[in-house]
Amino acid sequence: MRKKVKGNVSWVGYIDWELETFHGDDYSILNGSSQNAYLIEEEKTVLIDTVWTPHRFDFVENLKKEIDLKKIDFIVANHGECDHSGSLTALMDEIPDTPIYCTSQCVKSIEGQYGKRGWNFKVVKTGDSVEIGNGKKLVFVEMKMLHWPDSMATYMTGDNILFSNDAFGQHFAVEELFNDKADQCLLYKEAIKYFTNILNPFAAILSKKLDEIAGLNLTFDIIAPSHGAIWRDNPMQIVKKYAEWAAAYQENQITVAYDTMWEGTTKIAHRIAEEIHRQSPDTVVKVFNIAKADKNEIMTEVFKSKAIVVGSPTVSNSILSSVAGWLEFLKQLKFKNKKAAAFGCYGWSGESVRILQEKLRDAGFEVIDENIRVMWNPEESDLEKVPELVSSLIGSTNDNGDKETTATAMSKYQCGPCGYIYDPAKGDPDSGIAPGTPFESLPDDWCCPVCGVSKDMFNIMK
Ligand code: FEO
């Protein structure tokens, strides 16, 4: 069933009340979600995005109840991930010649997933537009690596609607569609969780993109993402929040995350939490057992924190597998400007604290030297160092601990958003860059061959 968004624009998506996980099982869904698709009926009829593959037949049948599919002049595919492109196969079986407007990377993504089916792709880039009649047009804005190389937003003039795709979304089911109808606490809880777990790795690129969009001097009456509530009441509120979140966000919070075998490490975790509160009553303290709590929810709390304290006992000369997996996810999310400390119990060899410190450093945290490393179960005397650890953690402002790395002609550089490594010894022959070309000598318009972002998104490798 369609729902009116504004003027001749309707929502024709799928509200997923039963969804429990997303991206496989990597993202927990606690309050439902939606895949938002939109139908524009001006002089031209345009479909913006579709819904996830399992719902493709329902999507097409429901769309048929709203319009004659042959009336669709073209489709816009803002993003090739299957939660938005997954109904194209069923839809294109009905209208095989209909043009699909998307980026060149999106063609690769769609053909990579569904095979080359001879669809009529119309490749667009930032600033390209197409008239849709009644004096209105659609303007395309590439959103490379927000969060895939193919991501794009589409702006509709006249009604001033930004179809932002994944950006500004939430995994949150809102039957009434709009942000002003949603539970405001849940809306922001889900928006920040979505940002933390999906977009934070690309925060640097997002800050630039927000500046670029601001420079276009567009008016946004509505921001219509591809998941969750549509922002129609003060839509700029979520843009302002994104600007804050993308700038190494932190609140006055410290999160303690650990797992334990026989409760010794739990005892240290709780003592650290009590000491943080004792030394700094205004600091919010949250404690999570990594094995028992939802990892996406913990990461959201880490995102809000200025520091974290991570604990694991030593097991088989290493750390608990629950903590190891959690730390791998922590690294992926590329948090900035946060301090960290480590703690853990052991019975004999006792490597866990050193391993935790190394992994936290590798994940981009400024790791303090102070730690709590306790043989067998903690006695009061073992916990005497807790105040010193806490005082160091809350004491000084972070400088992120980054040390300058001096560039040489053969220094390798890594693309921040996608991880591609430019190696001067190999060059980039596909882009006409000969082996032996230093990164500094690359032309200004050279782009990452994997995700397409510009040179300034690369970092020298240490
Ligand atoms: Fe909602 Fe990147 O797909």
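So, how are α9 and α10 oriented to each other, oblique or roughly parallel? In this predicted model, α9 and α10 are oblique to each other, where angles under 35 degrees count as roughly parallel, over 145 as roughly antiparallel, 65 to 115 as roughly perpendicular and the rest as oblique. Helix α9 covers residues 295-304 and helix α10 covers residues 321-332, and they pack at an angle of about 50° with their axes 11 Å apart. Axes here are lines fitted to C-alpha atoms, for helices over the stretch in contact, and angles run from 0 to 180 degrees between N-to-C directions. Helices (H or I, at least four residues) and strands (E, at least two) are DSSP runs, numbered from the N terminus.

The crossing of α9 over α10 is right-handed; that is, the near helix is turned clockwise from the far one by less than a right angle, with anticlockwise giving left-handed. On the α9 side the contact (heavy atoms within 4.5 Å) uses Lys-295, Asn-296, Ile-298, Met-299 and Val-302, and on the α10 side Trp-326, Phe-329 and Leu-330. By class, that contact of α9 with α10 holds six nonpolar residues, one polar and one charged. For the classes, Ala, Val, Leu, Ile, Met, Phe, Trp, Tyr, Cys and Pro count as nonpolar, Asp, Glu, Lys and Arg as charged, and the others, Gly among them, as polar.

Two housekeeping points before I go on. Residues are numbered from 1 along each chain as its sequence is written, and side-chain values use heavy atoms, with hydrogens and water left out. Because the model is predicted, local features need pLDDT of at least 70 and side-chain atom pairs count only at pLDDT 80 or more, while totals for chains, interfaces and linings use all residues.

Now follow α10 to its other partner, helix α11, residues 352-362. Their axes come within 9 Å and cross at roughly 20°, so α10 and α11 are roughly parallel to each other. This crossing, too, is right-handed. Val-323, Leu-327, Leu-330 and Lys-331 of α10 meet Leu-356, Lys-359, Leu-360 and Asp-362 of α11. That contact divides into five nonpolar, no polar and three charged residues.

Which residues of α11 are buried? They are Ser-352, Val-353, Ile-355, Leu-356, Gln-357 and Leu-360, where buried means under 20% relative accessible area, exposed over 50%, and partly exposed in between (1.4 Å probe, protein chains only). Their cover includes α10 along with several strands, among them β22 (339-346) and β23 (366-375). Just after α11, Gly-364 has a positive phi of about 95°.

Next, α5, residues 184-199. Its 16 residues should span 22 Å at 1.5 Å a residue, and the end C-alpha atoms sit 21 Å apart, which agrees; the expected span is 1.5 Å times one less than the number of residues. The buried residues of α5 include Leu-187, Glu-190, Tyr-194 and Phe-195. Among the elements covering the buried residues of α5 are α6 (203-215), α7 (236-245), α9 and α10.

In α7, the buried residues are Gln-237, Ile-238, Val-239, Tyr-242 and Trp-245, and they pack against α5, α6, β16 and α9. Gln-237 has a relative accessible area of 18%, so it counts as buried. Setting aside neighbours within four places in sequence, Gln-237 touches Asn-179, Tyr-188 and Trp-231.

Most residues other than glycine have a negative phi, and most peptide bonds are trans. Phe-168, in the loop between β15 (161-165) and α5, has a positive phi of about 70° although it is not a glycine. Phe-168 is buried, at 2% relative accessible area. Asn-217, in the loop between α6 and β16 (222-225), also has a positive phi, of about 50°, but Asn-217 is exposed at 67%. The peptide bond from Leu-146 to His-147 is cis, with omega near 15°, and His-147 lies in the loop between β13 (136-142) and β14 (152-156).

Last stop: Val-285 in strand β18, residues 284-289. How far apart in space are Val-285 and Val-256? They are 7.6 Å apart, C-alpha to C-alpha, and 29 residues apart in sequence. Val-285 is partly exposed, at 26% relative accessibility. Beyond its neighbours within four places in sequence, Val-285 contacts Ile-254, Ala-273, Ile-276 and His-277.
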